[in-house]
4 protein chains.
Amino acid sequence: MSGVSNESTVMDLGLAPEGHKKIEWAATHSPVLNQVRDEHLMDGSFEGLNVGVVLPIEAKTAYLAVVLTEAGADVTVASPSPFMVQDDVAAALVERGVTVYASSLDAPEDSEKEMERLLDRVLREGPGVLIDDRAGLAALLHTTRRNLLANARGASEETTTGVAKMAAMHEEGILEIPCLAANDARCKHLFDNRYGTGQSTLTALMQSTNLMLGGKRVVVLGYGWCGKGIARYAAGLGARVTVCEVDPVRGLEAYADGFDVLPALDAAETGEVFITATGVRDVLTPEHFGRMRNGAILANAGAVDIEVDVAGLSSAATEVRDVRRDVEEFAMPDGRRLYLVGRGMVVNLTAGDGHPVEIMDLTFAIQALCAHHLAKEYATMSPGVHRLPKEIDDEVAALKLDAVGMGIDALTPEQERYLRSWRE
Amino acid sequence: MSGVSNESTVMDLGLAPEGHKKIEWAATHSPVLNQVRDEHLMDGSFEGLNVGVVLPIEAKTAYLAVVLTEAGADVTVASPSPFMVQDDVAAALVERGVTVYASSLDAPEDSEKEMERLLDRVLREGPGVLIDDRAGLAALLHTTRRNLLANARGASEETTTGVAKMAAMHEEGILEIPCLAANDARCKHLFDNRYGTGQSTLTALMQSTNLMLGGKRVVVLGYGWCGKGIARYAAGLGARVTVCEVDPVRGLEAYADGFDVLPALDAAETGEVFITATGVRDVLTPEHFGRMRNGAILANAGAVDIEVDVAGLSSAATEVRDVRRDVEEFAMPDGRRLYLVGRGMVVNLTAGDGHPVEIMDLTFAIQALCAHHLAKEYATMSPGVHRLPKEIDDEVAALKLDAVGMGIDALTPEQERYLRSWRE
Amino acid sequence: MSGVSNESTVMDLGLAPEGHKKIEWAATHSPVLNQVRDEHLMDGSFEGLNVGVVLPIEAKTAYLAVVLTEAGADVTVASPSPFMVQDDVAAALVERGVTVYASSLDAPEDSEKEMERLLDRVLREGPGVLIDDRAGLAALLHTTRRNLLANARGASEETTTGVAKMAAMHEEGILEIPCLAANDARCKHLFDNRYGTGQSTLTALMQSTNLMLGGKRVVVLGYGWCGKGIARYAAGLGARVTVCEVDPVRGLEAYADGFDVLPALDAAETGEVFITATGVRDVLTPEHFGRMRNGAILANAGAVDIEVDVAGLSSAATEVRDVRRDVEEFAMPDGRRLYLVGRGMVVNLTAGDGHPVEIMDLTFAIQALCAHHLAKEYATMSPGVHRLPKEIDDEVAALKLDAVGMGIDALTPEQERYLRSWRE
Amino acid sequence: MSGVSNESTVMDLGLAPEGHKKIEWAATHSPVLNQVRDEHLMDGSFEGLNVGVVLPIEAKTAYLAVVLTEAGADVTVASPSPFMVQDDVAAALVERGVTVYASSLDAPEDSEKEMERLLDRVLREGPGVLIDDRAGLAALLHTTRRNLLANARGASEETTTGVAKMAAMHEEGILEIPCLAANDARCKHLFDNRYGTGQSTLTALMQSTNLMLGGKRVVVLGYGWCGKGIARYAAGLGARVTVCEVDPVRGLEAYADGFDVLPALDAAETGEVFITATGVRDVLTPEHFGRMRNGAILANAGAVDIEVDVAGLSSAATEVRDVRRDVEEFAMPDGRRLYLVGRGMVVNLTAGDGHPVEIMDLTFAIQALCAHHLAKEYATMSPGVHRLPKEIDDEVAALKLDAVGMGIDALTPEQERYLRSWRE
C-alpha cells in the first residue's frame with residue numbers, strides 16, 4: 001500500500017487502523033475540545049477555510065486536526081521534525097480527510113532543511129489561518145512566501161519561543177498579520193508548559209532509561225513554567241533538584257521551593273541528570289560536558305533543539321552509539337560516557353507520546369478557539385501579537401472544571417462592589 | 001515609667017529592652033535590607049524627610065523604621081490594629097528615635113475608629129512619603145486630610161488589597177500622588193504573599209491550637225499567591241486540602257496541584273480547618289457556619305478583616321469564650337462549637353510573630369527602595385499606580401541569592417541575540 | 001495563694017483556671033482516650049491503685065492523669081525537667097485530685113538532681129503501676145528504692161530510649177517487674193515519634209526563631225521515626241534537608257527520599273539548622289560547632305538531653321545570652337554566633353506545647369491501656385519487656401479512624417484462606 | 001534462526017544483539033551487584049552448582065543470571081509468565097551461557113499451566129539453589145518433584161507473597177529446605193517494594209495511557225510497602241489519593257500521610273484510577289466494577305495476578321478490545337467503559353520495563369548473597385524461613401551509599417556504651 005494518498009505524504013497508509021485507535025483514545029479524553037467544537041466551532045467560520053498546522057504528529061495533535069476538519073476546514077498538517085511523527089497516526093489522519101506531510105523517515109540526516117520543505121508545502125496550500133509551532137510558518141510566510149500573505153488571516157502560536165519570535169518580528173516592523181499568543185492563555189502555559197511538560201518529560205526519561213529518579217541529582221536548566229513543572233515532579237519522585245537560571249527572581253523562587261540554585265558550570269560537576277528548558281541555545285556546551293560525571297544523562301525539554309549542543313557533544317566524543325531505544329552513548333576521550341535521550345530534541349515527543357491527553361485537551365481547546373477567533377475576527381485585528389480574550393480563557397477553564405466534577409463560586413454583587421471600592 | 005515620650009504613645013517604655021533584642025534579631029537576619037541601606041538609602045534622599053508608616057508593630061517592621069531613620073528620615077509609625085502591636089517593640093522604637101502611635105490596649109472594642117485616629121496622627125506629621133497598608137493613609141489623605149496632599153511625594157503600598165484600592169482611586173480620577181505598588185514587585189508577592197503567609201499562617205494555627213495538620217481536611221478560600229502558599233505547606237504537613245475559588249483558571253490550577261476544588265458552601269460541610277485568603281469580604285458567613293462540623297477551626301490569613309464574618313458568627317452564637325490564648329469558642333444553638341483563631345484578623349500577626357524575618361528582609365528591601373524612589377524621583381512621576389523598575393526588583397533578588405550562597409548565570413551575547421532574533 | 005496543696009508542690013494554685021481551660025481543650029480533642037476510658041478503664045482495675053507518672057506537665061499529659069483518676073486510680077505525677085512544666089496546668093491538676101510534684105522554678109541550675117528528687121517522691125507513694133519516661137522511675141526503683149519493688153505490678157514506657165534501657169536492665173538480669181513497651185505499639189511510634197515530633201519540633205523552631213524554613217539547609221541527625229518525621233515535614237515546608245545516620249540502611253532510605261546523606265562533620269559545614277533526633281549522646285560536639293557557619297541554629301528533638309553537647313558549647317563560647325524567648329546566643333571566639341533553641345532539651349516541649357493533641361490522644365490511649373493491662377494482668381506476666389497485645393493496638397487505630405470518619409475493609413474468609421495457603 | 005539452542009527455548013536467537021545492549025545497560029548501572037560479585041561470589045561456592053531461577057525475563061534479572069554464571073554456576077531461568085518475557089533479552093542470555101525457558105508466545109491462553117510446565121523444566125535440571133518467585137519452585141519441589149528435594153540446598157524468595165507461602169509450608173510441617181527471605185532484607189523491601197514499585201508502576205501507567213496524574217482521583221488498594229510507594233509518588237505527581245486497607249494501623253498511617261481512607265466499595269464510586277497492591281485475591285470484583293465511573297482505569301501492582309478479578313470483569317463486559325498497547329477496554333452493559341492496563345498482571349512488567357535498574361541492583365545484590373549464603377552455609381541451616389544476616393544487609397546498603405557518593409558515621413565507643421547502659 002502506498003504512503004501517498006491525494007497530495008499527502010505519509011509512511012504507510014496500512015498503519016491507519018492503529019492510528020485510528022490512538023486518535024479515538026485522545027478524543028475520548030478531550031471533553032473540553034469536544035464541547036468547544038459543539039458550542040463554538042460549528043458556526044460556519046471554518047467552512048471551506050484552509051488551515052495550516054505545524055505540530056508533532058501524534059494522537060492529540062491529530063485530533064485537533066480532525067476537529068477542525070469536522071468544523072468544515074480544509075486542514076493541512078506537517079511535523080516540525082521527522083523525529084516527531086507517529087506514522088500510524090499520520091496514516092489515520094489521511095483517512096480522516098486531512099492533508100498530511102509527515103513521515104518518520106523523511107531525511108533524518110538533514111532534518112532542518114526537510115522541515116523547511118514541509119512547512120513550505122503547508123504554506124503552498126494558501127492557508128487562511130496558521131496554527132504555528134515556534135513561528136516556523138510565520139517566518140517563511142514573511143520571507144520566502146510573501147506572495148501568500150494576502151490569504152492569511154492570522155496565526156496562532158503555542159510555544160513561548162514562537163510568541164517571542166513573533167513579537168520580535170513585530171518589533172522589527174515586519175509582521176503583517178495578527179497573531180494570537182495561544183501560549184499566553186493562562187489555560188495553556190499554566191498547564192501545558194508546567195504540568196504537561198513536567199509529567200511527560202520525566203515519564204519519557206524514566207521509560208527510556210529505566211533508571212530511578214529517587215535520590216538522583218537532577219539539574220533543571222531554566223525555571224520558567226516548563227522548568228518549574230519538571231523540578232516539582234522530579235522532587236515529587238524523590239530527586240535532589242538543582243536549578244540553573246539567568247533571572248534572579250526565578251532563581252530565588254527555586255531556592256525558596258527547596259532547590260539548590262547554581263551556575264550551570266558548577267551544577268555540571270555534581271549533576272546526574274540534566275534537563276534543559278530555557279528557550280535559548282547552547283545551554284549545555286562542551287565546556288559543561290567536560291565537567292560532567294561519568295554516566296550523566298542529558299535531555300532537552302524545551303522548544304529549542306539546540307539547548308543541548310549536540311553537535312558539540314558529537315565532536316567531542318570518540319564514539320557514539322545507541323545503547324537503548326532513544327538513548328545514545330557518547331564516549332569521551334577521557335573514558336567518561338555521557339548519555340543523550342531523545343537526540344536533544346524535545347524529549348517528551350522524541351522519546352515518548354508527548355503531553356498527557358487531558359493537557360492537550362486544554363491546549364487545543366485554546367488553539368481551536370484562537371483559530372476560530374482569527375477566522376472570524378481577523379478583519380478587526382491589527383498586525384501584532386494579541387492575547388486571547390480573557391472570557392475565552394475563563395470559559396475553557398470552567399469547562400474543564402466541570403468535566404472533572406469540580407466547582408467554583410461567583411463573587412456576590414457586594415463582593416464585587418467591595419473590590420472596586422477604596423472607601424471601605 | 002510613662003508610656004509617652006516626646007509625641008509617641010506606647011504602652012510602657014520599660015518594655016524596651018526586650019523589644020531591642022527582637023529588633024536586633026531581625027537586623028541580624030536582614031542582609032538584603034542592610035545592603036540596600038548601605039548601597040542606596042544613605043545618599044541623602046531621606047535626609048530630613050518625614051516618612052509615615054502604617055504597619056503592624058513587630059520586630060521586622062520596626063527594623064524598617066530604624067533603617068529609614070538611619071538613612072536620615074523622620075519616621076512616624078502607627079499600627080493598623082491594636083491587635084497587631086507588640087508593646088516591647090513599640091517601646092524600643094521610641095528609644096531608637098522613631099515616633100510611635102501604637103499600643104496594644106488602644107480601644108480594642110472600637111478598633112476601626114481607633115485605627116483611623118492613629119492614621120490621622122501619622123498624617124498630621126505631614127509625611128513626604130507614605131508607606132501604606134491597605135491604602136489606609138492614602139484614602140484619608142485624599143478625603144479628610146486633603147490639606148496635606150501638597151507635602152506628599154508619593155506612597156508605597158504592600159498589600160494586594162491596597163494596590164487595588166489605589167488603582168480604584170486612580171480610576172475614579174481622585175488619586176493625586178504617584179503610588180508605587182510594592183506588592184507587585186516580584187520580590188514581594190512571590191515570596192511574602194506565598195511563602196511568608198504560608199509558613200506563618202500555619203505556624204500560628206499550629207501553635208495556638210496545638211492541633212495536628214496531618215490528615216486534617218483544610219479548606220483554603222482563595223488561591224491567589226497567599227492561598228497557594230497556605231495550600232502548599234498545608235499539604236506538605238500532611239493535610240487534605242480543599243480549595244475554594246471564584247476564578248476558574250486558579251480553580252483549575254488548584255485541581256492540577258492535587259486539591260479538591262469546591263464551592264464554599266459544599267466545602268463548609270466537610271472542612272475541619274478553614275483559612276480565608278481572598279481579599280474580599282464575607283467569604284465565610286452565617287450560611288457557611290450553619291453547615292460546619294462541630295469543632296471546626298476558622299482563621300483569616302488575608303488582608304481584609306471581614307473575610308470571616310465575625311460579627312455574624314457572634315450573633316449566631318449563644319456563648320463566646322476564650323478557650324486558649326488566641327482561640328475563641330462560639331457555641332451554636334444546636335450544640336456545635338466553632339473556634340476562631342486570632343479574632344478573624346490576619347492570623348499570623350494576631351496569633352503569631354508575622355512573616356519570617358527573611359521574607360520581610362526582601363519585602364522591606366523593596367519597600368525601602370520604593371520609598372527611596374519616591375523620595376528621589378517623585379517629580380518625574382505622574383499620579384497613578386506605578387511598578388518598581390524591574391532592575392531594582394532584580395537587584396534585590398540577586399542580593400538575596402548572594403546572601404544565601406546561591407548563584408545564577410548570565411545570558412551570553414549569542415543567547416541574547418538568539419532570543420531577539422526570529423530568523424533562526 | 002500557696003503553691004502547695006495536700007502533698008502537692010506546684011508554683012501557684014491561682015493559675016489553675018487557665019490550666020483547666022487547656023486541659024479541657026485536650027479533653028475535647030481526645031476522642032480515642034475518652035472512648036478507651038468509657039469502654040475499658042472503668043472496670044475497677046484502677047480502683048484505689050496508686051499510679052506514678054513521670055511526664056512533661058502540660059495539657060495532654062495532664063488529661064491522661066485526669067482520666068486515670070476518673071477511673072479510680074490515685075495518681076501522682078512529676079515532670080522529668082523543670083523546663084517541661086506549665087505551672088497553670090500543674091495547678092489545675094491539683095484541683096482535679098492529682099498529686100503533683102512539678103514547678104517550673106524547681107532548681108533549674110541543677111535539674112538532673114532535682115529530677116531525681118521528684119522521681120523519688122513519686123516512688124515514695126508506692127505506685128502499683130508506673131508510667132515512666134526514659135525509664136527514670138524504673139531505674140530508681142531497681143537501685144535506691146528496691147524496698148518498693150514489691151508494690152510494683154509493672155511499668156509502661158513511652159520512649160524509644162526508655163524501652164532500650166529497660167531491655168538493657170533485663171539483659172543484665174536486674175529487671176524484676178514486667179514492662180510494657182508502649183513506645184513499640186504501632187499506634188505510638190508510627191504517629192507520635194514521626195508525625196508528632198515532626199510537626200511540633202518544626203512549629204517550635206519556627207515560632208521561637210521567626211525564621212523561614214523554605215530554602216534553608218536543615219540537617220537532621222538521626223533517621224529513625226523521629227528524624228523521618230522531621231525531615232519529611234521540613235522538606236514539605238521547602239527546606240533543603242541533609243540527613244546524618246550511623247545505620248546504612250536508614251541512610252539509604254534518606255537518600256532515596258531525596259535527601260543528602262553526609263557524615264555529621266561534613267554536614268556541619270553547610271547546615272543552617274541542626275536538629276538532633278538520635279537517642280544517643282554527643283551527636284553535636286565542639287568539633288562540629290567549630291565547623292559551623294555563623295548564625296547556625298541548633299535544637300534537639302530527641303529524648304536525650306545531651307545529644308547536643310550544651311556544656312561543650314558553653315565552654316567554647318566567650319559569651320552566652322538570651323536573644324529571643326527560648327533562643328540563646330553563643331558567641332564563639334572567632335566571631336561566629338551559634339543559636340540554641342530550647343536549651344538542648346526536647347525542643348517541642350521546652351520551646352512549645354509538645355506534640356499535637358490528636359497525637360497524644362493516640363499515645364495516651366495506648367499508655368492508659370498499658371497501665372490497665374499491667375494493673376489487671378500483672379500476675380500472669382514475667383519480668384522483662386513486653387509488647388502490648390496486637391488487638392489492643394489495632395483497636396486504638398480503629399477507634400481513631402472512626403473518630404475522623406475514615407473507614408477500612410475486612411478480609412473475606414476466601415482472602416484469609418488465600419493468605420494462609422501456599423498451594424494456590 | 002532457531003529459537004532453541006542447547007536445551008534453551010526462546011523466541012528468536014536473532015534478537016540477541018538488542019538484548020545484549022539492554023543487559024549491558026543494566027550491568028553499567030549495577031555497581032553494588034558488581035562489587036558483591038567481585039568481593040564475595042567468586043570464592044568458588046557457585047562452581048559447578050546448578051542454580052534455578054524463576055524471574056521475569058528482562059535486562060536486570062538477566063544480569064543476575066549472568067553474574068551467577070560468571071561466578072561459576074550453571075544457571076537455568078524461566079519466567080513466571082509469558083507476558084513477562086522480553087525475547088531479545090532471553091536470546092542474549094542464551095548466548096551468555098544461561099539455559100533459558102522463556103518465550104513471549106508461550107501459550108498465553110493458558111499461562112498458568114504453561115508456567116507450571118516451565119518451572120518443572122527448571123526443577124528437572126536438579127538445582128542446588130533456587131531463586132524463587134512467589135514460591136513457585138518451592139511448591140512444586142515439595143509436591144510433584146519431591147524426588148529432587150535431596151539436591152536442593154535451599155531457596156531464596158523475593159516477594160512478600162512468596163515468603164508468606166514458604167512460612168505457611170513450614171507451619172504445615174512440609175518445608176524440608178532452608179529458605180532465605182530475601183524480601184525481608186531491609187535493602188530489598190524498603191526499596192524494591194516501595195520506591196521500585198512506586199516509580200515503575202506509575203511510569204507504566206503514564207506511558208501506556210498517556211493520561212495525566214495531576215488532579216486524578218487515584219485509589220491505591222493496600223498500604224504495605226508497595227502501596228506506600230505508589231501513593232507517595234502519585235501524590236508527588238499531583239494525584240488526589242485514596243487508600244483502601246484492612247489493617248487499621250496502616251489505614252491510620254495513610255490518613256496521617258494526607259490521604260482519604262475508605263472501604264473499597266466506597267472508593268469504587270469516586271476513583272478514576274485503581275491500583276491494587278495487596279497480595280490477596282479478589283480485591284476488585286464485579287461488585288466494585290458495577291459502581292465505577294465511566295472511564296475508570298484499573299491496574300495491578302502486586303505479586304498476585306488475581307487481585308483484580310479479570311475473569312469477572314470479562315464476564316461482565318459485553319465487549320473487550322485493545323484500545324492502546326497494553327490497554328484493554330471493557331464495555332459494560334450499561335454503557336460505561338472500564339480500562340485495564342497490563343492484563344491485571346503486575347503492571348510495571350507487563351506494560352513496562354519493571355523496576356528501575358538501581359533498585360534491582362540492590363535487590364539482586366541481596367538475592368546473589370542469599371544464593372551464595374545458601375550454597376555455602378546450607379549444611380548449618382535448618383528447614384524453615386530464615387533472614388539474611390544483618391551484616392550482609394548492612395554491607396549492601398553501605399556499598400550503595402558509597403556508589404552514590406553519600407556517607408554515614410559510626411557510633412563512637414562512648415555512644416555504644418551509652419546505648420547499652422540504663423544507668424545514665
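Two residues count as being in contact if their C-beta atoms, placed from the backbone, lie within 7 Å. That idea carries much of what follows, so here is the background on the model. This is a predicted model, in which local features need pLDDT of at least 70 and side-chain atom pairs count only at pLDDT 80 or more, while totals for chains, interfaces and linings use all residues. Residues are numbered from 1 along each chain as its sequence is written, and chains are lettered from A and ligands numbered from 1 in the order in which they are written.

The pLDDT score is the predictor's confidence in each residue, on a scale from 0 to 100. Chain A has a mean pLDDT of 94, with 97% of its residues at 70 or more. Residues 1-5 of chain A are another story: pLDDT stays under 50 there, and the model has 13 contacts beyond four places in sequence for them.

Now for the pairing of chains B and A. The contact draws 50 residues from chain B and 50 residues from chain A. Helices (H or I, at least four residues) and strands (E, at least two) are DSSP runs, numbered from the N terminus. On the side of chain B that touches chain A, at least two residues each come from α7 (160-171), α8 (186-209), α10 (248-256), α11 (264-270), α16 (390-403) and α17 (413-420) of chain B. The largest share, seven residues, belongs to α10(B). Sorted by class, that side of chain B has 32 nonpolar, four polar and 14 charged residues; here Ala, Val, Leu, Ile, Met, Phe, Trp, Tyr, Cys and Pro count as nonpolar, Asp, Glu, Lys and Arg as charged, and the others, Gly among them, as polar.

Copies are superposed by least squares on the C-alpha atoms of residues with pLDDT of at least 70 in both.

What about chains C and D? Here 50 residues of chain C are in contact with 50 residues of chain D. On the side of chain C that touches chain D, α10(C) gives the most, with seven residues. Chain C can be laid on chain D by a turn of 180 degrees and a shift of 0.0 Å along the axis, with an RMSD of 0.0 Å. In chain C, the C-alpha nearest the axis is that of C:Gly236, 5.5 Å from it.

Within chain C sits an open sheet of eight strands with mixed pairing, in the order β11-β10-β9-β12-β13-β16-β15-β14; two strands pair if DSSP finds at least two bridges between them. The edges are β11 (260-261) and β14 (319-324) of chain C, each with a single partner strand, so one side of each is left without a neighbour in the sheet. β14(C) runs antiparallel to β15 (residues 327-331) of chain C, and five bridges join them. C:Glu319 stands opposite C:Ala331 in β15(C).
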